[in-house]
Amino acid sequence: MKKQYINYCIKLIFNIILVICGVLILFYAIYAKINPNNVPNFFGYKPYVILTDSMVPTLPVGSLVIDHAIDEGDPIPENTPITFKAELQGQEVFVTHYFRYIDQSDGYDRYMTQGESYGEGMYDTFEIHREDIVGTYAFHIPYL
């Protein structure tokens, strides 16, 4: 009898914790949808959702990407996926593409980025500068 009661209590506590986590994730998702520019980070990590097929097959559409926030002075290795702010059709959006190199031909640093599905030598037309980069790829959860 006592063992059944202990098992019942453990299951009840586990279910309560699970429901609380689910509610928190739901509130977080709603907040992120309403206010995408101010999504809070957790211990230096920030989530983003892949909405296009430009990084297929590495990052499938619908994947949850977790980025590590970077500081102004942190180096970014070439060929690393990064998330950056860009203007697309008059709206500010977050894009995750590969950072390839820094172009200094104009006298200032322009970060050249490229989607995985792009051909050799084809780069994004976005004007990406260091202040536009919000994080580097840490990991992803496909199709979430």
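These legends describe close-up views of a predicted model. Local features need pLDDT of at least 70, and side-chain atom pairs count only at pLDDT 80 or more, while totals for chains, interfaces and linings use all residues. Numbering starts from 1 along each chain as its sequence is written, and side-chain values use heavy atoms, with hydrogens and water left out.

**View 1. The F84 and F126 ring pair.** Rings of Phe, Tyr and Trp (its six-membered ring) pair if their centres lie within 6.5 Å; planes under 30 degrees apart are stacked, over 60 edge-to-face, the rest tilted. The count is four aromatic pairs. In one of them, F84 and F126 have ring centres 5.9 Å apart and planes at 65°, so this pair is edge-to-face. F84 sits in strand β3 (residues 80-88), and F126 in the loop between β5 (110-114) and β6 (133-141), so the pair ties together parts 42 residues apart in sequence. Strands are DSSP E runs of at least two residues, numbered from the N terminus. Both F84 and F126 are buried (under 20% relative accessible area, 1.4 Å probe, protein chains only).

**View 2. The F99 and Y111 ring pair.** Ring centres of F99 and Y111 are 5.4 Å apart, with planes at 45°, so the pair is tilted. F99 belongs to strand β4 (residues 91-103) and Y111 to strand β5, so parts twelve residues apart in sequence are tied together. F99 is buried at 2% relative accessible area. Y111 is buried too, at 8%.

**View 3. Strand β2 with β1 and β6.** Two strands pair if DSSP finds at least two bridges between them. Five bridges join β1 (residues 45-49) to β2 (residues 64-69), running antiparallel. Here V49 has L64 as its bridge partner. Six bridges join β2 to β6, also antiparallel. V65 stands opposite H140 in β6.

Terms used: Helices (H or I, at least four residues) and strands (E, at least two) are DSSP runs, numbered from the N terminus. Buried means under 20% relative accessible area, exposed over 50%, partly exposed in between (1.4 Å probe, protein chains only).
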